[in-house]
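My entries follow the structure.

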Amino acid sequence: MTEPAGADGGTRMEVIVDPELTARALAWVACGATLGTFTGLIPGIHANNVALVLASLAPGLPGTALGVGIGILSAGVVHTFVNVVPALALGVPDAETAATTLPGHRLVLAGRGEEAIRLSALGSGLAVLAAVPLAIPLTRGMTAVYPTLSANVAVVLGAVLVGLVAAESGARSRLGGLLAQAGSGALGVVALDLDPAAPLEAGGMLAPLFAGLFGAPILLEAMDGGGVPRQTGTAVRSSRRRVVLTAVAGAMAGAIVGYLPAVSAAIAAVAVLACVPGGDDDRAYVVATSGVDTANAIFALVALVALGQPRSGVIVAFEQSGAPLTLAVLVPCVVLAGALGFLVTLLVGDRYLRAVGRVDQRWLSVGVLAVLGMLSWLFAGTVGVLAFLAATAVGLVPARLGARRVHLMGVLLVPLLVWSV
């Protein structure tokens, strides 16, 4: 609040802190961070689903709608930090098949999984720091061009699909990309509009589709793998300059996709890696994808303020909770949640990796697959289980033909393209 300073005729600024509001906000950040850690560490559970459950319970929860909104946003941000841990630890294949695995898995197989966890935490943490100063200029730029993008969304999405195929290195992998886009796109067109009866009201078809496309294939491919080998150290072997440059580029890309429907963090990461020197390096991939993912979670809130349209499941839940868009409170809470996500990732990541390394890979894969199937039923009933199985078959295509798994995002891109024509 600004008040007269007195005799000198100037003004002075006073920052007034409401102790009760601050205490409630901190409590809700802690609650959201705990939920985000839970969803991040358990494969198949996404922050979107927990956020929607929170939103549906908001009227009966203690505290204000603003507090519930803070919890939802905090869960979404922390999830983007922590979800790298099971992604690295689960589904690690045998060393002989390393060439066809994800970059993070290759680092684990080389004994550098603990380094990968730190690279991911740095990518996400730096993205949070970059997002705050970038928010105003990037929002102004995207708001200026958004009417043009919105009027030509079919062209934009078509260009994204074509660009992903063109980014593949050979005819076989391009064919794999096309087949993955077509198969996942067909699943999306058929399944996304369904509203099946399910045990959980805050479910939906996205959970079984994503579990089948991205989770189950990795587990099936790794069932005969050697599991997590002995890890050899935590030191980050990328230069500070490259880590910072890649993370900031990821933050900018995450901001852009925060305004574009159906364009995921994984797609944005492909563009980042093409632009950053040495972007084909596995370490750069981990930093870029983490930075894009976290920045996208933050800029989705900014996009809601600027455009009035939710761009993620977490933001949809935030809207449904009835929370006010009080950025003076929400932005510091989101930054604090990012700091907690950074610390939790470092504290939990190494222990999680070592614990998984002691478990038989086959039984671990079978157990996680069973969890994914159960979650598919909880979120979408029998239809969800069938969608999970169909998505799993499609999800096996990219790796078989040497293509990137990002083509499977056709499950969102293709339906939106079809519906916008």
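**Notebook: surface, helix, cavity, leucine**

I started with the surface: the accessible area of the protein is about 18,300 Å², and 67% of that belongs to carbon and sulfur atoms. Areas are Shrake-Rupley values with a 1.4 Å probe, and for residues only the protein chains shown count as cover.

I noted the conditions. This is a predicted model, in which local features need pLDDT of at least 70 and side-chain atom pairs count only at pLDDT 80 or more, while totals for chains, interfaces and linings use all residues. Residues are numbered from 1 along each chain as its sequence is written, and side-chain values use heavy atoms, with hydrogens and water left out.

I looked up the make-up next. The protein has 17 helices and 2 strands, taken as DSSP runs numbered from the N terminus (helices H or I, at least four residues; strands E, at least two). Of its 421 residues, 50% are buried, where buried is under 20% relative accessible area, exposed is over 50% and partly exposed is in between (1.4 Å probe, protein chains only). Taking contacts (heavy atoms within 4.5 Å) between residues at least 6 apart in sequence, I found that 80% join residues at least 24 apart.

**Helix α13**

Which residues of α13 are buried? In this helix, residues 313-320, they are V314, I315, A317 and F318. They lie on the same side of α13 because they cover an arc of only 155° around the axis, taken from the directions from the helix axis to the C-beta atoms. An α-helix has 3.6 residues a turn, so residues three or four places apart point the same way. Just after α13, G322 has a positive phi of about 80°.

**Cavity**

I found 1 cavity of 30 Å³ or more. A cavity here is a set of points on a 1 Å grid over the protein atoms alone where a 1.4 Å probe fits but cannot get out; lining residues have an atom within 4 Å of a point. The largest cavity has a volume of about 40 Å³, the space filled by probe spheres set on the points, which are joined across faces, edges and corners. Its lining consists of L21, R24, A25, W28, T64, L66, G67 and I70. The elements giving two or more residues to this lining are α1 (19-41) and α3 (65-82), and α1 gives the most, with 4 residues.

**L343**

I located L343 in helix α14, residues 327-357. L343 counts as partly exposed because its relative accessibility is 48%. L343 and F81 are 262 residues apart in sequence, yet their C-alpha atoms are 9.4 Å apart in space.

Notes
On a 1 Å grid over the protein atoms alone, a cavity is a set of points where a 1.4 Å probe fits but cannot get out, and a pocket is an open set with protein on both sides within 12 Å along at least five of seven lines; lining residues have an atom within 4 Å of a point.
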